[in-house]
Amino acid sequence: MDSRRLLRTSATALAAAGLILSGCSGGSDAAASRTTAAARQASPSSSPGALKTFYGQKLTWRDCGVTGFQCATLRAPLDYAKPDGEQIDLAVSRVLATGPGKRLGSLLVNPGGPGGSAVGYLQGYAGVGYPAPVRARYDMVAVDPRGVARSEPVECLTGPQMDTFTQVDQTPDDPAEVNALSAAFKDFSAGCAKESRAILPHVSTVETARDMDILRAVLGDEKLSYVGASYGTFLGATYAELFPDRVGRLVLDGAMDPSLPAIDLNRDQTAGFETSFRAFAADCVTKPDCPLGTASVDAAGAALKKFFRDVDAEPVPTGESRALGESLATTGVIAAMYDEGAWPQLREALTQAIGGEGSGLLALADSYYEREADGTYANLMFANAAVNCLDLPAAYAGPADVSKAVPSFEKASPVFGRGLAWAALNCTSWPTPPTGGPHRITAEGAAPILVVGTTRDPATPYKWAQSLAGQLSSGTLLTYEGDGHTAYGRGSDCIDTAINTYLLDGTPPADGKRCS
């Protein structure tokens, strides 16, 4: 299996942003009302008017340099409160429906993150790898969200600066290490402010959802059909909240729960990684060459924790200038939790690292961070922090709050809890104030929306899918009983058939349907 397949959903990395959720939290009524106000601003009745020039624009399609795909540039207001002000250019790509059968319109796709390139996902996977009957009937379309990849990307640190940042100790043992971690997050935030100050206030999920509605109209579709994975489910649910009467066929796979404060989301996600690790360990201990031993799952967890402590004290060489310390090692392990197909690669990498050679785990961590061989990074980590720190208030006022939270995180995951608790510190010094808050999304009046959850999903725990499906007035829950992050296109004929049927004829499966 291609080792990069596990990155299909562009889930974010530990050291930069506390995974998908970036360590943001909230729950205040004021924050929730700001989000509600933004939703009212984006109501259907307000969309034409001042935005008429954006909704009426024509896309000029050109060759992308990728066989079968076309590209274009979509214009949107930088600030929706000032539609006559500055504009932002958004990168769009499509591959036309192949036929046979009547064309159903456009199917927009988003891989998550936040910060994952939807255009890259379309051209590298969805536009060629989605089930043939779906590609036959839909033009497959993607737009890189504002601040991401080809759409005026947020920038923060240079490659060498990111190398340093990703190696900072995420499990500080003394005040000096706490200060070093806090300083690293402050430097990251300062870099974003310096390099991307103009766009930082305008990369919220609400704004991206409004961009999607402009694209829907420009493509000539009365309703939006959409498949969003991971964070893409929050984006899709936000669209449904803003434009319920424009919802077509929405698939939200690997769902997030928008109603929870993000401190709870981070803790739930931490528990999700523990669940996934224990599934990996249960498989590993049955094999005579398991690097974590063959005694039991608990013993395997203890062995991994010991390995993390060992490389924290003395990093192991990797064959290049970066040694493998605890932060990079943890990121490498977490990377492999997203897809059980990566478990053999993880066993081999752990065997090497425990033996004193860390290149395998470093490669997993680099792939997760989207670090190229030349030392440059995609902007995934930067966009991730920018979106998350704007969508929700910071989890902590400072390190003292983290120290109080660590025990609950360690209870959620004895293996990963401490590091994930400290990773949630990153929004504390963010230069742009948040504009959103946690709230329930009901999308009253929307057509049926299909919410998909995986029972042992590491990054978006299954209970989030249950919650979102329950919040949505027209939500239908489809369950995959298995491992890995998201379910569509990952080998379950039952899941794929249910989703394909919904996309092709609009009929969702029975609420509560379960597949394996």
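**Exercise 1.** Is D391 buried or exposed?

*Solution.* Start with the model. It is predicted: local features need pLDDT of at least 70, side-chain atom pairs count only at pLDDT 80 or more, and totals for chains, interfaces and linings use all residues. Residues are numbered from 1 along each chain as its sequence is written, and side-chain values use heavy atoms, without hydrogens and water.

Step 1. The relative accessible area of D391 is 10%. Buried means under 20%, exposed over 50%, partly exposed in between (1.4 Å probe, protein chains only). D391 is therefore buried.

Step 2. Helices are DSSP runs (H or I, at least four residues), numbered from the N terminus.

**Exercise 2.** Which residues is D366 in contact with, leaving aside its neighbours within four places in sequence?

*Solution.* Step 1. D366 sits in helix α14, residues 359-369.

Step 1. D366 is buried, with a relative accessible area of 11%.

Step 2. With those neighbours left aside, D366 is in contact (heavy atoms within 4.5 Å) with R322 and R371.

Step 3. Look at R322. Its side chain makes a polar contact of 2.7 Å with the side chain of D366.

How values were computed: Helix = DSSP H or I, 4+ residues; strand = E, 2+ residues; numbered from the N terminus. Polar contact = N/O pair within 3.5 Å; in protein donor to acceptor, adjacent residues only side chain to side chain.
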